[in-house]
Amino acid sequence: MTRTPHKHSERRSGSAPIGRVMAQVAMVMNLDKCIGCHTCSVTCKQTWTNRAGTEYAWFNNVETRPGQGYPRGHEDQDRWKGGWRLKHGRLVPRSGGRARRLARLFANPELPTLDDYYEPWTYDYETLTSAPLGDDVPTARPRSLINGAETEITWGPNWDDDLGGGPARLAADPVLKQLERVGQKVRLEYEQAFMFYLPRICEHCLNPSCVAVCPSGALYKRIEDGIVLVDQDRCRGWRMCVSGCPYKKVYFNHRTGKAEKCTLCYPRIEAGEPTVCSETCVGRLRYLGIMLYDADRVGRAAAVEDEQELYEAQLDCFLDPHDPEVARAAEESGIPHDWVTAARRSPVRALISDYRIALPLHPEYRTMPMVWYVPPLSPVVEALSKDGHDGEDPANLFGAIDALRIPLEYLAGLFTAGDTGPVEAALCRLAAMRSYMRRINLGQERDCSLAAAVGLDAERMEEMYRLLALAKYEERYVIPTSYTGQVPDPDAAADTGCGLDGEGGPGMYERPGETFHALAPAVGRQDGEGGENEADEEDGELAGSATRGRVNLLNWDGRGRPAGLFPRRRGGERA
Amino acid sequence: MNHLHIALWGVLPYLVLALFVGGSAWRYRYDRFGFTTRSSQLYESRLLRVGGPLFHYGLFLVLGGHVVGLLIPEGLTDRLGVSEGFYHLNALLVGGAAGLAAVAGLAVLLWRRLRVRAVRAATSRSDRAVYPVLLAVLLAGLTATASGAAAGSYDYRLGVSVWFRSLFLLDPDVAAMRGAPLVYQLHALLAMALFGLWPFSRLVHAFAAPLGYLARPYIVYRSRASSAAAQRGAR
């Protein structure tokens, strides 16, 4: 897709020289389209956290806002001390510097307990069939997955879904409390309430505080794509990352004693595929793409005095890949050409820097998050239509965005540290796009003044519409394949297994009896079958390259280990 | 009897040392993933917040006391003008307080481990072996320290310490240990048991003490290539 040079392209803050260029795989979520179906959460869980020890962990979760979120009230940094703060103009983790962290090694005072997430449970299903004959229908009572005891279910991963629990529960929302402190009263009664969904994953921040507080240096940011990962072999279970992350997106596996977090599905990203949450998103609201940024500017940007300037400061870190100088600097920094090309086509860059409709989540944590959000317009349109107005008439809409102060303030509390300006600008653009496209759909003339009113031209307005409303797969996900992949040497062929495998590790594995919510695997019947499958596999290998290394699970009977599922060790023995 | 003493104070320490070093190296080579504190704070925080720091900080002081008491010969402190009385008073008060803190901390932690159901459920077999030994070592040590309060009591710096230092000179002074009171001998034996269990229990997390953190930049960057190589190396 070629695009004319943009008015709103990234400014290079005057003639500031370009420092070290780095690439980041970033995500944008269009909240207007989120229907809160939790498909992303469920597919993510099935992929990554369906193991004992991570029952309570949701690398991806969908929260209803206003609401307490998961874990409860995680945005209250006075309590949890996540993220960074400025101390005499310098950035320090909010939970304290290095010495203070080490002093708190033996009991982390800011660690959430399981109650803050929820105590995972299962049901005593067996009594349904094994209960003695009697007058009462047997029931499956809840049992804690943590200690096996009978339990009362008092909280769950989505307890306040769709405003469940009512005003009493909603009032504990830290963003609402913040608004109240500045004299904003938000109506929580059901008939006057508003709500929207906020899917959350790890932010893969440019200035990650989880990395900063890890005493072992196990957490790291990958140079190539900016994904923040936990080295499972280096993690020693000090738990500082759990409290250091203001988004509470690092989880402690209580079985293995190791931290685990969203990996941005890096094995998929490396292959140029979108993450599982994106791939399975029913509303097609997630966008993945490359952002180029100047790593030398990050520290300064994160240390801007005024919290409300952090959004702009972060925008200033991003580089415009259309700028030939940036492209040259990027290649000097070792970023391959196809990544620069991908950055030019990046939908994420378009939404963040070009159209300026995507905003960061809680920039005031100073971590420079890289999962951004298009704020939802729906509550506004909805409210207008309810009052008998034409919800998509531009005059009504623009007026209403300003008049409906409450959602605006609330959104600003989430996305811009309380500054309503950028939120309002983004909502106006979305509103203008609706009106503009409606005229076209109704066969009326294009109203270019609508585009001009929000600083766009007709062509870009329609491009934006295409990206947001049509959201074609190949335009939503522009992910170049990984670039440190060297020519595989034959010796390394045995090591192509997932690096996260291992007992209790986050890779898919099975340990009899300990697999989360699973039946104990049946044993036996392997040997007889094995030889046959072996032969099949040999055939497959002979037959050609296309299916080599693939496992066909369709004709696997679920017993034993399907042939070829695991790479072969040197010497022909199975791994 | 003499053979027993030679076995206990002349041979066993080296066996334990070999087990300790070899076991740790083996564990690090084959089970780096297992090098963790296995923290149970997620289950229970209130008691841990008291017991954890009390035990660990007490233990650090105890460790410091052992370094001073075992490694520094009495002749050196004499020459520095530290009187025998002052030294022992110090050892008794500071050492005793540190030991009490460690024991109290461990008591809280053990109570928590037994009484909090989730923590109890997460207790491994190695934990069940290590905790009694750890408690016994601490109690024996504390008793030995307390016995130093009596006038004219055993001066371990002329006995146990001499034996301990002689171990590193590969010339174990069995006689020096043979004359020590039973409680000192018991303490030493239990300590050897603890060091033998060390590599095979959660105690390995002590090797992971993150001192490098003090000198490290906050943000860690790593290349995909280097982590892939590290992975290969580890397998």
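How many contacts beyond four places in sequence does the model have for residues 1-14 of chain A, over which pLDDT stays under 50? The model has 37 such contacts for that stretch, a contact being heavy atoms within 4.5 Å. Residues are numbered from 1 along each chain as its sequence is written, chains are lettered from A and ligands numbered from 1 in the order in which they are written, and side-chain values use heavy atoms, with hydrogens and water left out.

First, confidence in chain A. The predictor's confidence in each residue, pLDDT, runs from 0 to 100. Chain A has an average of 83, and 79% of its residues score at least 70. A further stretch with pLDDT under 50 covers residues 507-547 of chain A, where the model has 45 contacts beyond four places in sequence. Among the elements of chain A, the lowest mean pLDDT, 37, belongs to helix H24 (residues 526-543), and the highest, 98, to strand S13 (residues 359-360). Where pLDDT is low, the predicted coordinates should not be read in detail. As to the element names, helices (H or I, at least four residues) and strands (E, at least two) are DSSP runs, numbered from the N terminus.

Let me turn to the sheets. Two strands pair if DSSP finds at least two bridges between them. In chain A, four strands form an open sheet with mixed pairing, in the order S12-S1-S14-S13. Its edge strands are S12 (286-294) and S13 of chain A, each of which pairs on one side only. Within this sheet, strand S1 (residues 21-30) and strand S14 (residues 371-374) of chain A run parallel and are joined by four bridges; Asn30(A) has Val374(A) as its bridge partner in S14(A). Across S1 and S12 of chain A lies helix H15 (residues 337-344), running at about 115° to S12(A). That angle is taken between N-to-C directions, on a scale from 0 to 180 degrees, with axes fitted as lines to C-alpha atoms, for helices over the stretch in contact.

Buried means under 20% relative accessible area, exposed means over 50%, and partly exposed lies in between (1.4 Å probe, protein chains only). S8(A) runs antiparallel to strand S9 (residues 228-230) of chain A, with three bridges between them, and Leu219(A) stands opposite Val230(A). The two strands form a hairpin with five residues between them, and Gly226(A) in the turn has a positive phi of about 75°. S8(A) also pairs with strand S1 (residues 221-222) of chain B, in the parallel sense and over two bridges. There, Arg222(A) is the bridge partner of Arg222(B).

Next, the salt bridges. A salt bridge is a side-chain nitrogen of Lys or Arg within 4 Å of a carboxyl oxygen of Asp or Glu. The whole structure holds 28 of them over all chains. One joins Glu260(A) and Arg51(A) at 2.7 Å, N to O. Glu260(A) lies in strand S11 (residues 258-261) and Arg51(A) in the loop between helix H1 (39-48) and strand S2 (61-65) of chain A, so the pair ties together parts that are 209 residues apart in sequence. Glu260(A) is buried at 2% relative accessibility, and Arg51(A) is buried at 4%.

In chain B, Arg112(B) and Glu44(B) form a salt bridge of 2.6 Å, N to O. Because Arg112(B) lies in helix H4 (residues 84-115) and Glu44(B) in the loop between helix H1 (2-30) and helix H2 (46-71) of chain B, the pair ties together parts 68 residues apart in sequence.

Finally, chain B as a whole. It has ten helices and one strand, and 42% of its 235 residues count as buried. An unreviewed UniProt entry lists residues 6-26, 47-72, 92-111, 131-154 and 174-198 of chain B under "transmembrane region"; UniProt positions are in the numbering used here, feature names are shortened, and annotations may be inferred rather than shown by experiment. Residues 92-111 of chain B are 100% helix and 0% strand, with end C-alpha atoms 27 Å apart. For residues 174-198 of chain B, the span is 84% helix and 0% strand, and the end C-alpha atoms lie 25 Å apart.

Key: Predicted model: local features only at pLDDT ≥ 70, side-chain atom pairs only at ≥ 80, totals over all residues.
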